[in-house]
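The sequence and model come first.

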Amino acid sequence: MMTAQAREMRPARAHPHFPLRAYPPDSPRAMARLVALAMLADGRLEERELAALDRRGVLTALGITRADFNQVLFDLCQDLAALPDRRGAYFLSATVLDGLFA
């Protein structure tokens, strides 16, 4: 459901080699996006994964609220919806992954 909503609202990206929105390096939102990316790696997001973040204090350690994390998660889905689709899976190129981890 989030992907369908994100696809409808996706913003244009100016930089073709890094189509995801930019966050300052090592900022709470940049780190939260890596957590969100890991959570989405299997193609699904489950409530128990979000509950585990709360239980383990991950969001507090990152310095981000649950509401801000939810926005980062939504923004990531929105950005991923703009990427090339390979049979139902979004393709993250090496260039995009390098940019995320930089």
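The twelve residues of α2 should span 16 Å at 1.5 Å a residue, and the end C-alpha atoms of α2 are 16 Å apart, which agrees. The expected span is 1.5 Å times one less than the number of residues in the helix. Helices (H or I, at least four residues) and strands (E, at least two) are DSSP runs, numbered from the N terminus.

The model is predicted: local features need pLDDT of at least 70, side-chain atom pairs count only at pLDDT 80 or more, and totals for chains, interfaces and linings use all residues. Residues are numbered from 1 along each chain as its sequence is written, and side-chain values use heavy atoms, with hydrogens and water left out.

**Chain**

The chain has six helices and two strands, arranged along the sequence as α-α-α-α-α-β-β-α. Of its 102 residues, 34% count as buried; buried means under 20% relative accessible area, exposed over 50%, and partly exposed in between, with a 1.4 Å probe and protein chains only. The accessible surface comes to about 6,500 Å², and 57% of that surface belongs to carbon and sulfur atoms. Areas come from the Shrake-Rupley method with a 1.4 Å probe, and for residues only the protein chains shown count as cover. Among contacts (heavy atoms within 4.5 Å) with a separation of 6 or more, 66% are between residues 24 or more positions apart.

In α2, the buried residues are A30, A32, R33, A36, L37 and M39. They pack against α3 (47–56), α4 (58–62), α5 (66–81) and α6. An α-helix has 3.6 residues a turn, so residues three or four places apart point the same way.

Helix α2 also takes part in a pocket. The second largest pocket has a volume of about 210 Å³, and 14 residues line it, of which P25, A30, G99, L100 and A102 lie nearest its centre. The elements giving two or more residues to this lining are α2 (28–39) and α6 (94–101). The largest share, four residues, comes from α2. By class, the lining divides into eleven nonpolar, one polar and two charged residues. Here Ala, Val, Leu, Ile, Met, Phe, Trp, Tyr, Cys and Pro count as nonpolar, Asp, Glu, Lys and Arg as charged, and the others, Gly among them, as polar.

On a 1 Å grid over the protein atoms alone, a pocket is an open set of points with protein on both sides within 12 Å along at least five of seven lines, and lining residues have an atom within 4 Å of a point. Grid points are joined across faces, edges and corners, and the volume is the space filled by probe spheres set on the points.

**Individual residues**

| Pair | Sequence separation | C-alpha distance |
|---|---|---|
| A22 and L100 | 78 residues | 9.0 Å |
| L83 and L20 | 63 residues | 8.9 Å |
| T60 and P28 | 32 residues | 9.7 Å |

A22 sits in the loop between α1 (2–9) and α2 and is exposed, with a relative accessible area of 68%. D26 is found in the loop between α1 and α2. At 64% relative accessibility D26 is exposed, and its phi is near 60°, a positive value in a residue other than glycine.

T60 lies in helix α4 and counts as exposed, at 68% relative accessibility.

Neighbours within four places in sequence aside, L83 is in contact with P19, L20, Y90, F91 and L92.

How values were computed. 1 Å grid on protein atoms, 1.4 Å probe; cavity = no way out; pocket = protein on both sides within 12 Å on 5 of 7 lines; lining within 4 Å.
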